[in-house]
Amino acid sequence: MSVSEPPFSAYSHFHSILVLDELDHIANSFQSLVSLFSLPHFASSSVRIIGIANTHTLTSSLSQFSNSIHTVSGVKTLHFVPYTPVQLLEILRARLGTIGEEKKFMPTATLTLLTKKIAAMTGDVRALFEVLRGAIDLAVASEVDTHMDLMNMPPPVVMPSHILAALKAYTPASSTAARSSSVTSNSEVVVKIRNLGLQSQLVMLAVLLASKRLEAGLSLNSSSVLKRSLSASVGGSSAGVPGMDVGTLHAYYGSVLSRAGSDVFQPVSRSEFGDLMGMLETVGLVALSSASSPLAFAGSPTKGGRRTFGRSVSCGGLGNKAKGAQEIKIAEGVRAEEVQRGLGIGNMDEDVRAGEIRAIWEREGKRLGRDAKGRAVTKVGYERGGEFEDAMED
Amino acid sequence: MHARARALLRATCNGTSQMAGRDQERAAVEEFASSFDDADAYTTLYISGSPGTGKTALVNSVLCGLDVNVISINCMTLNNIDALWERLLDELDLRKRNKTRSKKIGGKAAVEKLLSTLETNV
C-alpha cells in the first residue's frame, strides 16, 4: 500500500468503533448477523462494533435469533430493561432541575403518578416526555379558560388529573400491541413471552412455578418444607425469593413435564436447558448469578472466564459458565402476572399450546396447594396457597 | 415557565455526557470501548431492549467522552444488509481507490479485505 492513503487508513493506529443503530431494520437472517459481527476479527486491535437493536418489535426476524447471539464468537450481549418508576423520576428531575421552581408547578404526586403509569406500560422515556408535555398543555389550557387575561395568569399547576387525561390521549394512538380485553396495553414482558418458542415457554413456566413453590416455603421436588427461613414478600415480586440452581431446576422441570403425560411435552437435555436459560437471560426475563459473584448482565463473566465464553461457538453461554452453582431468578422488573399473561394462563381465548401450558399450571397449582396445606400453617404459607387457588378459579 | 419545561422535555440523545441513570450499563459500555489492547476482549457489543430505554443515548454519551474514532450508521436509512456493506465502503473511502475493481470484489469481501490491511499497514 502506498503512503498516500485515503483518510481511513491513516487511522490504522487509531481505535475505531462502528456503531450500528437500529440493526433490526436490516438484519434479516442469523447468517447476516454472524458475518457482520465477524468483521472486527479482521482488525481486532483497531476496530470494534456496537450493534443496537430494538427488540420490542417481535415480529422482526432479529428476535428469533436473540437466543443464539451470545454464542457467536467474540460477541458480548447487553440488555436494557425498561425504566423503573424511580429511574423515570430521576430522569425528569435531572431534565427539569434547571427551572428551579419546578416542584411548585409540578408537584411530586403528579410526577409519581406519571412515572408509575409509564413504567407499568412500556417504560419508554419518550412516552414519558410526550405525556408530560401533553399534561402541561392541558394544565395551561385549563388556566387560560378560567383566567382570560394571559398577561396576569398565575403559573399553571400540573395535577394528576392532567396526567390521566394526557395518558388517555396518548395510548390509543400509539400502542399497537393493545388488545381490547386487557386494561392497559400489553407490556414488553407479556409480548416477549408470548412470542417465545415452545420450549422456552416451558422453561419460563418452570421458573415461575418453582418461584411460587419457593415463595410458599416448599422445596421443589417434594412436599417437604424448606429449612431456611424466607424473607418472602407475599406481594408476588421475586425480589425476596431465594434463587434456584440450574441442576435442581432442570430436575423439577423434568418432573413437571412428566406429570403432564409423556406424549404432551418432551423435556430437553440438561445442556439445552442451560442454553435456553442463557437465552432467557439475554432477553431480560431471568437473572443468573454465580454462587460467588452476582452477574447483572448476560455475557459479562470475569476476565478469566471470558476466554472460554467468547471463543467457543457451539456451546451455549450457560454451559460454559455453570461449573459451580448457578442461581436463577425471575428478572427484576418482571412480574409474575405478566409471565402468566404471556404464557396464556388465565384468559379464555387461547390456542392449543396455551391450553396445554394452562393444564400444567393448574395441575401444579393443585399440587402446591396440597403441599402448602400439609405443612404447619403459618400465615405466609396459607396466604400463598390461598392466593394460588384463587388464580386457578377465574 | 411551562414553555421552558416543555422545551426541556424534548426527547433527544444529543451526545453530551449528561445522562441520568443507567450506571451499570454505562460501566459495561465503557469497559468494552476501552478494551482495544486486550487480546482476549470481546470485539462486538450487542445491545438490545425496547424503544425508549436509553440505548442509543447511553452509547453516544459514553463514546463522546472517549478518544476514539466513531463511525455511526443508522440502519433505518438502509434497505438491506448489502446497502450496509456499500455504506461501510463509503465510510472507509475504499471505493475511490478501487473504482475499477468494484465489480470483481463484492461489498462484504471488500470490507473484510480493507479491515485486514489495517492491522498490517505501515
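A salt bridge is a side-chain nitrogen of Lys or Arg within 4 Å of a carboxyl oxygen of Asp or Glu. The model is predicted: local features need pLDDT of at least 70, side-chain atom pairs count only at pLDDT 80 or more, and totals for chains, interfaces and linings use all residues. Residues are numbered from 1 along each chain as its sequence is written, chains are lettered from A, and side-chain values use heavy atoms, without hydrogens and water.

**Exercise 1.** Find which parts of chain A the salt bridge of A:Asp371 and A:Arg213 ties together.

*Solution.*
1. The two side chains meet at 2.8 Å, N to O.
2. A:Asp371 sits in helix 16 (residues 352-374) and A:Arg213 in helix 10 (residues 198-215), so the pair joins parts 158 residues apart in sequence. Helices are DSSP runs (H or I, at least four residues), numbered from the N terminus.
3. A:Asp371 has a relative accessible area of 10% and is buried. Buried means under 20%, exposed over 50%, partly exposed in between (1.4 Å probe, protein chains only).
4. A:Arg213 is buried too, at 1%.

**Exercise 2.** Decide whether A:Arg259 is buried or partly exposed, and do likewise for A:Glu364.

*Solution.*
1. A salt bridge joins A:Arg259 and A:Glu364 (2.9 Å, N to O).
2. A:Arg259 lies in helix 11 (residues 246-259) and A:Glu364 in helix 16, 105 residues apart.
3. A:Arg259 is partly exposed at 29%. A:Glu364 is buried at 2%.
4. A network of salt bridges links A:Arg259, A:Glu364 and A:Arg367.

**Exercise 3.** Work out how far apart B:Glu91 and B:Arg87 are in helix 4 of chain B.

*Solution.*
1. Their closest N and O atoms are 3.4 Å apart.
2. They are four residues apart, so about one helical turn separates them.

Conventions:
Helices (H or I, at least four residues) and strands (E, at least two) are DSSP runs, numbered from the N terminus.
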